Amino acid sequence: MVDVRSGIGEALPPPEVEDVELYHPHSWWTRYVFSQDAKIIAIQYATTAIAIGMVALVLSWLMRLQLGFPGTFQLIDAEAYYQFITMHGMIMVIYLLTALFLGGFGNYLIPLMVGARDMVFPYANMLSYWIYLLAVLVLVASFFAPGGPTGAGWTLYPPQAVLSGTPGGKDWGIILMLSSLIIFIIGFTMGGLNYVVTVLQGRTRGMTLMRMPLTVWGIFTATVMALLAFPALFVACVMMLFDRLLGTSFFMPAIVEMGEQLQHGGGSPILFQHLFWFFGHPEVYIVALPAFGIVSDLISTHARKNIFGYRMMVWAIVIIGGLSFIVWAHHMYVSGMNPYFGFFFATTTLIIAVPTAIKVYNWVLTLWRGNIHLTLPMLFALAFIVTFVNGGLTGLFLGNVVVDVPLSDTMFVVAHFHMVMGVAPIMVIFGAIYHWYPKITGRMLNEVLGQIHFWVTFIGAYAIFFPMHYVGLVGVPRRYYELGEMAFVADSVHSLNAFISVMALIVGAAQIVFLFNLVWSLRHGREAGGNPWRATTLEWQTPETPPPHGNWGKELPVVYRWAYDYSVPGAPEDFIPQNQPSPGRVSHEAAS
Amino acid sequence: MSVVVLFLATVAAVIVWWLAGQRVTSRPWLEVGHAHDRRSGAPMPPAKVGLGVFLAVVGALFSLAISAYFMRMTSSDWGALPLPGFLWVNTGILTAGSIALHWTKVEAERRHDEAARTGLLAALAAGLAFLAGQLFAWRILSGAGYLLADNPANSFFYMLTGMHGLHILGGLLALGRVTARAWNTPFDRRLRLSIELCAVYWHFMLIVWLVLFALFAGWASDVIDFCRQLLT
């Protein structure tokens, strides 16, 4: 029921959203530490996520050292190796990617892009961050607990997760892991309510849903999915804690451990797998959809061209979000299931490729005959498209039951999911940081350091994960501490493993250049001005940069057009901001 | 998992219905100018939308737990536990609390502030009584030898009633704050909204409880068996 009238000279309709009374901080503590300003919370989220992400990066180094040069490093024994795997996966997927995309970019960009002064529930938003920090601290605590962190694998499958054969199974590791996840989910729900309701109710005048930048669409849809999917992990964690601490048998079958019959009996490990993957598969898209949205905006801005097929992009985001809830069992082909179920889940899995492919075509068609500026955000966006297509193609293989079953336990799967949900979203995160850093700090990131960072990361990531596909195809199993005397493993695999490990060390080190750049540019970066990329979206039109508390000064902006008016024929500049009523000499209607 | 898929299908239907009113088929690239919303006079307050979204999350949580209940139920070691008749009293108390809050909301809208204050107190008392009653039911069961870890049916009973109780406890904290505000300050629009939200939350928790009650009593699986027979 939204009515759009093109009469530009008409009187402004009255506001539909009342201007909110902002919380006014009184001291340094409430301004910068216990802040209720979404922008500060975003920076807190991002800093914490990147810090814990660095821990996960170092863990991946340690794993690669073991795989590349088995037996050389005494401190990495089999137990430690499994602990590294588990914590690396869990931290990267949940505490880094989810927190950074939704807590970091969501908090910073949603209010600014929809023209709000802040999130609708600032207090809950602040709590959300502090609860997230608590979850991270509980997670970190497990490194120092007796027995160390859990080594159950990031999927935490019972019964092994709570047995003595698994590191942390009978110690504190698994308890702290499950508690940390439960805390994370509580904190996330508080933040997630904010992101959703701000998009629904906090939009400024004229910002209809179909005028929102795709970044907001991506984060919004991902948040809705996360709110509905995380409860599955929550239930699974609570039930497993019951099994571990109170002796119930939700997931624990009758089992003999070290010659001793445990008191558990009758529980269903498959039940846990259903609950876990009911969360776990949407989680892939919770990470991917914000990346899809952000990359659309980066490409459009840096190719100076409107996004191709905006409507289709929005629909594809929503459809992917919906479909991703009915594909979870494709992670469980090897657990065994009714062949009809396998057929159903393989079909739905492959159907997701359709809206995803539409998005890829639209990105490419946006680039087609665009005025492509190879800026750092653009480079990372291009790297994302290539990487995502690569990872997506192997996903088509693995979506089929018959192909998945032999490949499921090999390094091929590791290569696949690192390409599609590791490297690809990380590329977008980097691109987004290079893109929005000038708005956050008022200064540009250093270009030379950025180029070094990009090329080493991009080429290095391919040097790591391309050979890994081959290693998997020749049958090297994943999750193995060492290959030992396996006769079928070709010699080439050993040298490739060493090569991959060296590349992993180099790519990891390149991230130090990036971190240095972030800090160095704070003081020494070039002054950016309000809108260095000459972009149309609202966050670049704030009266001050970096935007102060309340974002917009006295008056909220009014939106007159969609987010992609680049290179409009006849307009004096090659972009028209969303809050500009008149395009210039020739009106847009006359031109189209 | 069919319970949760059914629940999500309902949520999806709401989302599709809402999207249908948002002109998602418009061509934003052709539409320059003022856009204004003509849906209704006053937009929904953000807190109300927030509560709606939160209840969807809570609903997902309980439907997942119920899905797990049905999946675990099929194993051979399942031994249903006898429901204490006392739970009927608790159900009555919770219903009374829900009715009290509904009445409070109506009275508050009619500007009968004194009546609304009484209603709030009554609802608060009902909530506390319900929690005490649930604890009492736990005692009856554990006294009769039905302990948490003995049988999966017991485990689910304690876990689900515990989860529901925690939600009621959270609701009581909010209700307590609203009651304190109602006694200290004159009624304004914000307070009336808070009362309305408490009422919505209470109705929702009542529905969740009724579903859980039906589940424990075995009626829910009877209904499902009946549906299965209809389908096959």
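Visitor: What should I know before I start?
Guide: The model is predicted: local features need pLDDT of at least 70, side-chain atom pairs count only at pLDDT 80 or more, and totals for chains, interfaces and linings use all residues. Residues are numbered from 1 along each chain as its sequence is written, and chains are lettered from A and ligands numbered from 1 in the order in which they are written.

Visitor: What is the average pLDDT of chain A?
Guide: It is 91, and 95% of the residues score at least 70. pLDDT is the predictor's confidence in each residue, from 0 to 100.

Visitor: Where is pLDDT under 50 in chain A?
Guide: Residues 6-10 of chain A stay under 50. Residues 585-592 of chain A are also below 50. Where pLDDT is low, the predicted coordinates should not be read in detail.

Visitor: New topic. How many residues of chain B are in contact with chain A?
Guide: 44 residues of chain B, with 57 residues of chain A. Contact means that the C-beta atoms, placed from the backbone, lie within 7 Å.

Visitor: Which classes are on that side of chain B?
Guide: The side touching chain A has 27 nonpolar residues (Ala, Val, Leu, Ile, Met, Phe, Trp, Tyr, Cys and Pro), 10 polar and 7 charged (Asp, Glu, Lys and Arg). Polar covers the others, Gly among them.

Visitor: What does Ser567(A) touch?
Guide: Beyond neighbours within four places in sequence, its contacts are Arg304(A), Lys305(A), Asn371(A) and Asp574(A).

Technical notes:
Two residues are in contact if their C-beta atoms, placed from the backbone, lie within 7 Å.
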